[in-house]
Amino acid sequence: MALKQQQQLKQQQRLSPQQIQTIRMLELPALEIEERIKNELDENPALEEGKDYPDEQDPDYNAEENQTENQDTNEDLSLGDYMSEDDIPDYKLAEMSNKEERKESVLFNNEQSLSDYLLQQLLLNELSERDKKIGEYIIGNIDNDGYLRRDIHAIADDIAFQSGEDISEEELTDLLKIIQELDPPGIGARNLQECLILQLKKRKETKEADLAIDILTNYFEEFTRKHYDRIQKSLDIDEEQMKAVIHEITSLNPKPGGNWDDSMITIMNRITPDFIVETNNGEITLILNDRGIPDLRINREYSDMLKDYMGNKANQTSEMREAVLFVKQKLDAAQGFINAVRQRQETLQRTMETIILLQEDFFLTGDESRLKPMILKDVAERTEYDISTISRVSNSKYVQTNFGIYPLKFFFSESTQTESGETISTRKIKQIIKEEIHKENKKKPVTDEELTVILNNKGYLIARRTVAKYREQLGISIARMRKEV
């Protein structure tokens, strides 16, 4: 069989290493960019932290006249590339207010972890060193919600494999029971049912608590499906007793570890906003939160080494040329890194300014209903950035406002039209759904069909399946699951 050869001409666009570095840094939120800069400072001796140098350069020195061609790499080595503008770190952006006036209320939270707290309590028990180590391993497997979701058999296998310690599942279960007695109540549960029962057992003995334990033990599925009539009939209890039990159970915490490590307040404290937007007397001020980003500059010794090379190229040895290539590589990397930081900051600033411009009503009032329909393309067109760039900026970034901390994604939403042809944000539809469900009769919650009729009567032409989709996005369950006695 004859082989046919073909020639094909293709055009391919490839990103330069500098572009790739800029893109990757653009994706990083505030805390991660700080860590990235620290790593670069550690790894590249040609990059250093600090303000600009005093003017120590020889005024007679002309970088352009001292350029030389590297015969091995055919690249120009120019001191001017590294010592431009007296080493002023030009990536630092001009801000709308002084750094000293910034709010310092949002900081990273370094509180004691849940695991440390549990371990402290465990060590107060009279346990052998062996049991303490095994208990520590069990605690290490408890997740942030406070649950032990790993199977006891798997934990026993892990301990046997890692330490050679042969422990039975019965011993592990006994140690787990000790851990489940620790604070907060419900910790170490293997499922929601066990979590709620553990909490009830720690409460004062009351008829309601005893009845609640009975229901959760024997009628858990019926309770979660809100088949209260079946439970009442089976236990021969009246509606008032059922209400008391429901109140007892719903007052429990389904995520005992969440109160310690992941409550909303702690979550907010753990977020370092990338932007701070302050509103005062109808004026909006934007601050790019770069307080953790230090001034960066080229290391003077490395630039001087390059300068010496440029002045003494006639006396070069092979070792000197290798040293020069190393110095140039580090200087290139340092300058590229500074440029990437500068580009990141400029892109973030410009993107956030555009979001504020498009959502000005919200930043002035904090009213979610004032949010306008806005998609990535809208911001991209105004900033003249690519849509993918706007997507990277909006991902994992937060803004602190007078009304709370919001992810940038919060400000993006699709649009829909009213009966009169007016274009509105889908967020407004969701707000109406939330309000209607909030004021519903809990004994007869509104269905998706009824919500559709309400919205249509208000002039919002929307289908029932769309209402169901928005309700699910809001994290609201179906009508039957919201029913109360």
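The side chains of Arg 392 and Glu 27 form a salt bridge, with a nitrogen-to-oxygen distance of 3.0 Å. Arg 392 belongs to helix 18 (residues 387-394) and Glu 27 to helix 1 (residues 17-27), so this pair ties together parts of the chain that are 365 residues apart in sequence. Both of these residues are described below in a model that is predicted.

Arg 392 is partly exposed, with a relative accessible area of 25%. Glu 27 is also partly exposed, at 36% relative accessibility. As a general principle, side chains of opposite charge can pair when their charged atoms come close.

## The chain as a whole

The chain has 22 helices and 10 strands. Of its 485 residues, 41% are buried. Among the contacts in the chain with a separation of 6 or more, 68% are between residues 24 or more positions apart. The structure holds 22 salt bridges, and the pair of Arg 392 and Glu 27 is one of them.

## Helix 18 and its surroundings

Which residues of helix 18 are buried? They are Thr 389, Ile 390, Val 393 and Ser 394. Seen down the axis of helix 18, these buried residues fall within an arc of 130 degrees, so they line one face of the helix. The cover over them includes helix 1, helix 15 (318-358) and helix 17 (376-383). Just after helix 18, Ser 396 takes a positive phi of about 60 degrees.

Two packed helices are described by the angle between their axes and the distance between the axes. The axes of helix 15 and helix 18 come within 10 Å and cross at roughly 90 degrees, which makes helix 15 roughly perpendicular to helix 18. Helix 15 contributes Thr 347, Leu 348 and Thr 351 to the contact, while helix 18 contributes Thr 389, Ile 390 and Val 393. By class, this contact of helix 15 with helix 18 has 3 nonpolar, 3 polar and no charged residues.

## Helix 20 against helix 21

A second pair of helices is formed by helix 20 (residues 448-457) and helix 21 (residues 464-473), whose axes come within 9 Å and cross at roughly 105 degrees. Helix 20 is therefore roughly perpendicular to helix 21. By class, the contact of helix 20 with helix 21 has 4 nonpolar, 1 polar and 4 charged residues.

Which residues of helix 20 meet helix 21? On the side of helix 20 they are Asp 448, Glu 449, Leu 451, Thr 452 and Leu 455. Their partners in helix 21 are Arg 464, Val 467, Ala 468 and Arg 471.

Arg 149 forms a salt bridge with Asp 143, in which the closest N and O atoms are 2.2 Å apart. The side chain of Arg 149 also meets that of Asp 145 in a salt bridge, at 4.0 Å from N to O. Salt bridges that share partners also join Arg 130, Asp 131 and Glu 171 into one network.

Asp 143 is partly exposed, with a relative accessible area of 23%, and Asp 145 is partly exposed, with a relative accessible area of 22%.

## Two loop residues

Arg 225 lies in the loop between helix 9 (220-224) and helix 10 (228-235). Arg 225 is partly exposed, with a relative accessible area of 40%. Leaving aside neighbours within four places in sequence, Arg 225 is in contact with Arg 480 and Met 481. The C-alpha atoms of Arg 225 and Lys 483 are separated by 9.8 Å, although these residues are 258 residues apart along the chain.

Not counting residues up to four places away in sequence, Gln 359 touches Arg 370, Leu 371, Lys 372, Met 374 and Phe 411.

Terms used. Residues are numbered from 1 along each chain as its sequence is written. This is a predicted model: local features need pLDDT of at least 70, side-chain atom pairs count only at pLDDT 80 or more; totals for chains, interfaces and linings use all residues. Side-chain values use heavy atoms; hydrogens and water are left out. Helices (H or I, at least four residues) and strands (E, at least two) are DSSP runs, numbered from the N terminus. Buried means under 20% relative accessible area, exposed over 50%, partly exposed in between (1.4 Å probe, protein chains only). Axes are lines fitted to C-alpha atoms, for helices over the stretch in contact, and angles run from 0 to 180 degrees between N-to-C directions. Angles under 35 degrees count as roughly parallel, over 145 as roughly antiparallel, 65 to 115 as roughly perpendicular and the rest as oblique. Contact means heavy atoms within 4.5 Å. Ala, Val, Leu, Ile, Met, Phe, Trp, Tyr, Cys and Pro count as nonpolar, Asp, Glu, Lys and Arg as charged, and the others, Gly among them, as polar. The arc is that of the directions from the helix axis to the C-beta atoms.
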